[in-house]
Amino acid sequence: MTRRFLVAAALSALLALTSCGWAPLYADPQTGPASEELRAVQVDPILERIGQRLEIALRNSLNPSNESTLARYRLRTTLSTSLSNLGIQSQGLATLGKLDVFATYFLVDMQSGNNLLVNTLHVANTFDLIVGEDDAAVRSVAELDQEIMTRLTLFFQRRLAEQKAKPG
């Protein structure tokens, strides 16, 4: 097959998918159908330094343009972290560490008080004990922020699709 034929086939497949309502998972959530719902999520304070970083990251991801929006949902998150030594030298000194972070989040409908979504995520990052623990925390926050945003976006997209499908 020629290269031109393959490109044409790929483009026609993409057009067919977009016409049936398909949207890419990693599309910009701020331009998708769930953007208004995402902006309406109020992020509750999260304890400890890594929690504060995650709270700020989530707020920036949910409403990057900081639009004034009436909060309809609350995102409550608890974190559990643990540090462990992985690389031990023959003298007994640790050189490599591992940071495990578990995040449990609850998406709560503020009107009814019902939990709409509950999930627990785990990320693990290794680091050089001398210089890297803070970097591991930053990477963990970025991974959790991306995963929570993806799951919230999917939740709201599915919920909006179900509401549109209901008669009346």
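## Contacts and overall make-up

Among the contacts in the protein chain with a separation of 6 or more, 64% are accounted for by residues 24 or more positions apart. The model is a predicted one. Of the 168 residues of the protein chain, 32% count as buried.

The protein chain has 4 helices and 4 strands. Read along the sequence, these elements follow the pattern α-α-β-α-β-β-β-α.

## Confidence along the chain

The pLDDT averages 83 over the protein chain, and 75% of the residues score at least 70. Over residues 17-27 the pLDDT is below 50. Beyond near neighbours in sequence, this stretch has 6 contacts in the model.

## Helices α3 and α4

Two packed helices are described by the angle between their axes and the distance between the axes. Helix α3 covers residues 48-62 and helix α4 covers residues 133-165. Their axes come within 9 Å and cross at roughly 40 degrees. An angle under 35 degrees would count as roughly parallel and one from 65 to 115 as roughly perpendicular; α3 and α4 are therefore oblique to each other. The crossing of α3 and α4 is right-handed.

On the α3 side, the residues that meet α4 are I50, R53, L54, A57, L58, S61 and L62. On the α4 side, their partners are D134, A137, V138, S140, V141, L144, D145, I148, M149 and L152. By class, this contact of α3 with α4 has 12 nonpolar, 2 polar and 3 charged residues. S61 in α3 and S140 in α4 take part in the contact and belong to the polar class. R53 in α3, with D134 and D145 in α4, also takes part, and these residues belong to the charged class.

## Two residues with positive phi

E48 has a positive phi of about 70 degrees although it is not a glycine. E48 is found in helix α3, the helix that spans residues 48-62. The relative accessible area of E48 is 58%, so E48 is exposed.

N66 also has a positive phi, near 55 degrees, and is a residue other than glycine. N66 is found in the loop between α3 and β2, where β2 covers residues 73-88. With a relative accessible area of 64%, N66 is exposed.

L70 and R39 are 31 residues apart in sequence, and their C-alpha atoms are 8.5 Å apart in space.

## L83 in strand β2

L83 has its place in strand β2. Leaving aside neighbours within four places in sequence, L83 is in contact with K98, L99, F127 and E133. One of these partners, E133, falls within the residues 133-165 of helix α4.

Methods. Residues are numbered from 1 along each chain as its sequence is written. This is a predicted model: local features need pLDDT of at least 70, side-chain atom pairs count only at pLDDT 80 or more; totals for chains, interfaces and linings use all residues. Side-chain values use heavy atoms; hydrogens and water are left out. Axes are lines fitted to C-alpha atoms, for helices over the stretch in contact, and angles run from 0 to 180 degrees between N-to-C directions. Angles under 35 degrees count as roughly parallel, over 145 as roughly antiparallel, 65 to 115 as roughly perpendicular and the rest as oblique. A crossing is left-handed if the near helix is turned anticlockwise from the far one by less than a right angle, and right-handed if clockwise. Contact means heavy atoms within 4.5 Å. pLDDT is the predictor's confidence in each residue, from 0 to 100. Buried means under 20% relative accessible area, exposed over 50%, partly exposed in between (1.4 Å probe, protein chains only).
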